[in-house]
Amino acid sequence: MKKYDIEIFQNLEEHFEDEYLQYGKVVSFKKKETPFMLDELNKNFYIVLSGKIKTFQLNIENSKELTLSIYRKGDMFDVLTLLDGKSHDVLYEVLERVELLELPIEKAREWLKTNETFNKHFFPYVATQLRRQEELSSDLALYSTSERLSKLLIQNINPKNDYFQLLQNLSKTEIAKLLGTVRHVVERHLKELENNKVIENSRKNIYIKDIEQLLDKNNQLLSEED
């Protein structure tokens, strides 16, 4: 199996990276596939090697979706099932063709108990995910759609932020699901920003033209909320 240039493999002791690759296998899924429908995540733990895959929840009665996370290179899932051994009531959909490193979940649990190298990468990653979910919950409760969109765009222009390139090749429908709203609402707010020459809005990409105006707009919205 070839080695992949992702953060979790960086600075690992060489023998442990070899152990990853010994017990793991690479699996791939095409765009629009919905893997892990049954109890697969009770058996295996995954690290994203390339592409994008989202996890979401669905209200069957009204078909509304809320995207919880979009996993990209270096992300791991399902950490909740790994930690408590219980099934996690979420769905998955491939946004861009993905390659995943599939590891036996019992081997990952063994590493949690015995391998300091694995824990050095795993627990800071879990903390980052918890902070992200906390931020999602507070944003949905405290801020308007316009504020949430503005915030997401600001995060996306910072290359040191976890959201960097998150919006690249992401449809407006998927952006809406990230924000807990619907496509036409997102398009309306994007059109306003475009008319004000804050952004350039193409079909699959959003380019920031005036960072200062975007920051000012975000600060103004937050001040009005106060």
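Leaving aside neighbours within four places in sequence, with which residues is Lys86 in contact? In this predicted model, the contacts of Lys86 beyond those neighbours are Asn42 and Thr81. The protein chain has 226 residues, of which 47% count as buried, and its secondary structure comes to 8 helices and 7 strands. Among contacts between residues at least 6 apart in sequence, 68% join residues at least 24 apart.

- Lys86 belongs to the loop between α2 (79-84) and β5 (91-104).
- The relative accessible area of Lys86 is 57%, a value over the 50% cut-off, and the residue is therefore exposed.
- Although Lys86 and Leu41 are 45 residues apart along the chain, 9.5 Å separates their C-alpha atoms.

**Helix α3 against helix α4**

- Helix α3 covers residues 105-114 and helix α4 covers residues 116-142.
- The two helices pack at an angle of about 100°, and their axes are 7 Å apart.
- Because angles from 65 to 115 degrees count as roughly perpendicular, α3 is roughly perpendicular to α4.
- On the α3 side, the contact is made by Ala108, Trp111, Leu112 and Thr114.
- On the α4 side, Glu116, Phe118, Asn119, Phe122 and Phe123 take part.
- Sorted by class, this contact has 6 nonpolar, 2 polar and 1 charged residues.

**Helix α4 against helix α5**

- Helix α5 spans residues 145-156, and its axis comes within 9 Å of the axis of α4.
- The axes of α4 and α5 cross at roughly 145°.
- From α4, the contact involves Glu135, Asp139, Leu140 and Leu142.
- From α5, the residues in this contact are Glu147, Arg148, Lys151 and Gln155.
- By class, the contact of α4 with α5 has 2 nonpolar, 1 polar and 5 charged residues.

**Helix α6**

- Helix α6 consists of residues 172-179 and is mostly covered, with 7 of its 8 residues buried.
- The buried residues are Lys172, Glu174, Ile175, Ala176, Lys177, Leu178 and Leu179.
- After α6 comes Gly180, which has a positive phi, near 75°.

**Aromatic pairs**

- A pair of aromatic rings is described by the distance of the centres and the angle of the planes.
- The structure contains 12 aromatic pairs.
- In one of them, the ring centres of Phe29 and Phe36 are 5.6 Å apart and the planes stand at 75°, so the pair is edge-to-face.
- Both Phe29 and Phe36 are buried.
- Phe36 also forms an edge-to-face pair with Phe77, at 5.7 Å centre to centre and with 65° between the planes.
- This second pair links distant parts of the chain, since its two residues are 41 residues apart.
- Phe36 is located in the loop between β1 (25-29) and β2 (44-59), whereas Phe77 is in strand β4 (residues 76-77).
- Phe77 is buried, as is Phe36.
- Elsewhere, ring pairs join Tyr23, Phe45, Trp111, Phe118, Phe122 and Phe123 into a cluster.

**Charges over rings**

- Lys107 lies over the face of Tyr23, at 4.2 Å from the ring centre.
- Tyr23 is also one of the residues in the aromatic cluster.
- The charged end of Lys54 sits over the ring of Phe56, 4.7 Å from the centre of that ring.

Notes
Residues numbered from 1 in each chain as written. Predicted model: local features only at pLDDT ≥ 70, side-chain atom pairs only at ≥ 80, totals over all residues. Heavy atoms only, no water. Axes fitted to C-alpha atoms, helices over the stretch in contact; angles between N-to-C directions. Helix = DSSP H or I, 4+ residues; strand = E, 2+ residues; numbered from the N terminus. Parallel < 35°, antiparallel > 145°, perpendicular 65-115°, else oblique. Contact = heavy atoms within 4.5 Å. Nonpolar A, V, L, I, M, F, W, Y, C, P; charged D, E, K, R; others polar. Buried < 20%, exposed > 50% of the residue type's maximum accessible area, 1.4 Å probe, protein only. Phe/Tyr/Trp six-rings, centres within 6.5 Å; stacked < 30°, edge-to-face > 60°. Lys NZ or Arg CZ within 6 Å of the ring centre and 35° of its normal.
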